[in-house]
Amino acid sequence: MAVDKIEYDKMMKKASPNSKAYINIPLAFIIGGLICVLGQFLMTSYEKLGISTYFSGTVASITLIFLSALLTGLNLYDNIAKHGGAGTLVPITGFANAVVAPALEFKAEGLILGLGAKLFTIAGPVIVYGVTASVIYGIIIYIFKLV
Amino acid sequence: MSLRLSQNTIILNTSPSIASYASIVGKKEGEGPLGKHFDFVNDDNTFGESTWEKSESRLQKDTVSKAISKANLVPADIDFIFAGDLLNQCVGTTFGLRELEIPFIGLYGACSTMAESIAMAGIFIDNDVAINAAAVTSSHFCSAEKQFRFPLEYGGQRTPTSQWTATASGAVVINKKNAPPFIRAVTIGKIMDLGVVDVNNMGAAMAPAAHYTIGKHLADTGKSPDDFDLILTGDLGLVGSDLLIDLLNRDGTDISENHNDCGLMLYDLDEQDVHAGGSGCGCSASVLCGYILDQIRDGILSDVLFVATGALMSPTTVEQGESIPGIAHAIHISGKSE
């Protein structure tokens with residue numbers, strides 16, 4: 001008996017297990033939360049060292065980016081992200097990982113056409129639409145201020 | 001000489017022999033349930049090379065060289081080699097085999113390549129246009145991830161239906177040695193597409209192709225599933241295997257008792273974090289050449305229908321929203337020549 005696409009889609013959905021949201025979501029909360037706690041710890045520590053509140057946030061971000069890049073280079077970040085999911089993807093560490101991972105992978109194709117061209121294969125869309133969204137947001141703010 | 005039984009099925013009347021076979025796998029595959037059966041487990045996934053593409057080439061070259069030496073032959077004795085892999089332009093194969101200087105026929109059947117290459121080599125031997133023919137394929141987790149998915153160190157999560165590309169290779173040398181395992185028949189599948197677009201559910205995309213090819217083989221040869229000790233699909237994994245059994249059940253064919261899938265055999269699904277199972281050309285190739293052919297040679301299995309399955313998409317077609325076509329080819333491998 002021939003099965004059509006609609007019937008097969010039903011069969012496939014029945015046979016395919018879903019992601020375990022009851023594990024993934026709490027883990028994302030805990031691991032993502034821990035990254036944020038680390039960020040707050042760094043900020044507070046930098047402030048104690050005499051860096052202004054304004055700059056301590058920037059220095060804390062730079063530290064997190066460094067740690068993420070280091071852990072990516074040591075083949076550890078993906079093992080954390082496997083459990084952390086969105087918790088490791090959304091913070092700035094996820095962005096750093098998304099840039100360092102292709103840099104490591106594509107250096108075999110050379111510094112220009114490999115590393116240089118493919119550095120932003122994953123992070124590129126985030127930058128494009130991040131910038132676009134901020135422009136739209138800026139226009140909205142501008143219009144509302146006019147009103 | 002071969003007998004054309006139908007549009008799909010060819011009987012190899014002289015029952016060519018798989019004179020020798022070899023398999024080499026990576027570390028993770030070596031830690032799996034079949035680890036001790038492979039010719040060699042390389043704990044270094046680079047295989048001593050500087051790029052993943054070179055690693056795969058080295059893996060494939062070493063495997064085919066091992067198979068040729070196990071047959072007490074040298075590369076110059078091989079009349080034709082049928083080979084392919086998953087990488088763009090099949091460079092894993094071409095760069096791996098270029099030094100062997102064997103007349104080369106490149107194949108792309110995605111993960112169905114082991115069955116496709118054995119079918120071609122078997123037909124060449126059966127019709128006396130070659131004395132020795134080789135068939136080989138490989139896949140490498142790292143080169144496949146790089147081409148089809150994300151960089152290795154990218155922190156992403158896999159879905160439960162995703163499969164793990166095996167770092168593995170299998171090779172056979174086929175001639176008329178008149179010793180088991182024998183190749184009795186081949187069924188060439190057609191491209192089947194039931195509209196699966198989820199690139200993380202390859203098993204579901206390929207199951208309709210396996211269903212078609214198995215159904216055709218049984219209908220063309222007048223056999224039933226009970227005539228085989230094992231119906232062995234390539235890399236349908238958990239989801240695809242369930243769907244295949246369900247699809248065949250709808251035709252009144254029950255293979256649930258004697259079906260297994262190489263993607264379910266290569267890894268310990270509970271311990272090795274491969275989600276729905278193994279995949280890749282090397283998955284079915286290494287399970288066949290590392291484990292199953294030994295069992296046929298030793299008389300533990302008598303008749304096996306080896307059905308390697310492939311997903312015929314590229315990253316570009318996936319990004320363009322195209323569905324994933326599947327292919328499957330079946331080889332009847334037997335301990336008996338008639």
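Predicted model: local features only at pLDDT ≥ 70, side-chain atom pairs only at ≥ 80, totals over all residues.
Between them, 49 residues from domain 1 and 51 residues from domain 2 make the contact.

So what does the domain 1 side look like? The elements giving two or more residues to that side are β3 (17–26), α1 (27–30), α4 (113–126), β7 (133–139), α5 (141–148), β8 (164–165) and β9 (168–175) of chain B. Which of these gives the most? That's α4(B), with eight residues. By class, this side of domain 1 has 25 nonpolar residues, 19 polar ones and five charged ones.

Now on to helix packing, still in chain B. Have a look at α6, residues 202–221, and α7, residues 237–250. Their axes come within 8 Å of each other and cross at roughly 40°. An angle under 35 degrees would have counted as roughly parallel, so at roughly 40° α6(B) is called oblique to α7(B). The handedness of that crossing is right-handed.

Who is touching whom here? On the α6(B) side you have B:Gly203, B:Ala204, B:Met206, B:Ala207, B:Pro208, B:Ala210, B:His211, B:Ile214 and B:Gly215. On the α7(B) side, the list is B:Gly237, B:Leu238, B:Val239, B:Gly240, B:Leu243, B:Leu244, B:Leu247 and B:Leu248. Split by class, that contact comes out at 12 nonpolar and five polar residues, with no charged ones.

While we're around α6(B), let me point out B:Met192. You'll find B:Met192 in the loop between β10 (182–187) and α6 of chain B. Is B:Met192 buried, exposed or partly exposed? Buried needs 20 or more C-beta neighbours within 10 Å, and B:Met192 has 19, so partly exposed is the label. Setting aside residues up to four places away in sequence, B:Met192 touches B:Pro208, B:Ala209, B:Tyr212, B:Pro325 and B:Gly326. From B:Met192 to B:Ala207 is 15 residues in sequence and 9.0 Å in space, C-alpha to C-alpha.

For another partly exposed residue, go to B:Lys70, which has 15 other C-beta atoms within 10 Å. B:Lys70 belongs to helix α2 of chain B, residues 52–70. What does B:Lys70 contact, leaving aside neighbours within four places in sequence? The answer is B:Ser20 and B:Ala22.

Next, the two chains together. Here 26 residues of chain B are in contact with 31 residues of chain A. On the chain B side, α6 and α7 are the elements that give two or more residues. The largest share is from α7(B), at six residues. By class, the chain B side is 12 nonpolar, eight polar and six charged.

One helix pair in that contact to zoom in on: α1 of chain A, residues 5–15, against α7(B). The axes are 9 Å apart and the packing angle is about 135°. That angle makes α1(A) oblique to α7(B). As for handedness, α1(A) passes α7(B) in a right-handed crossing. Chain A brings A:Met11, A:Met12 and A:Ala15, while α7(B) brings B:Val239, B:Asp242, B:Leu243 and B:Asp246.

Last stop, a pair inside chain A. Helix α6(A), residues 92–106, and helix α7(A), residues 111–118, have axes that come within 8 Å and cross at roughly 165°. With that angle, α6(A) is roughly antiparallel to α7(A). This crossing is right-handed. The contact uses A:Pro102, A:Ala103 and A:Phe106 from α6(A), plus A:Gly114, A:Leu115 and A:Lys118 from α7(A). In class terms, you get four nonpolar residues, one polar and one charged.

That's the tour, thanks.

Conventions. Residues numbered from 1 in each chain as written. Chains lettered and ligands numbered in written order. Contact = placed C-beta atoms within 7 Å. Helix = DSSP H or I, 4+ residues; strand = E, 2+ residues; numbered from the N terminus. Nonpolar A, V, L, I, M, F, W, Y, C, P; charged D, E, K, R; others polar. Axes fitted to C-alpha atoms, helices over the stretch in contact; angles between N-to-C directions. Parallel < 35°, antiparallel > 145°, perpendicular 65-115°, else oblique. Left-handed = near helix turned anticlockwise from the far one by under 90°. Buried ≥ 20, exposed ≤ 12 C-beta atoms within 10 Å, placed from the backbone.
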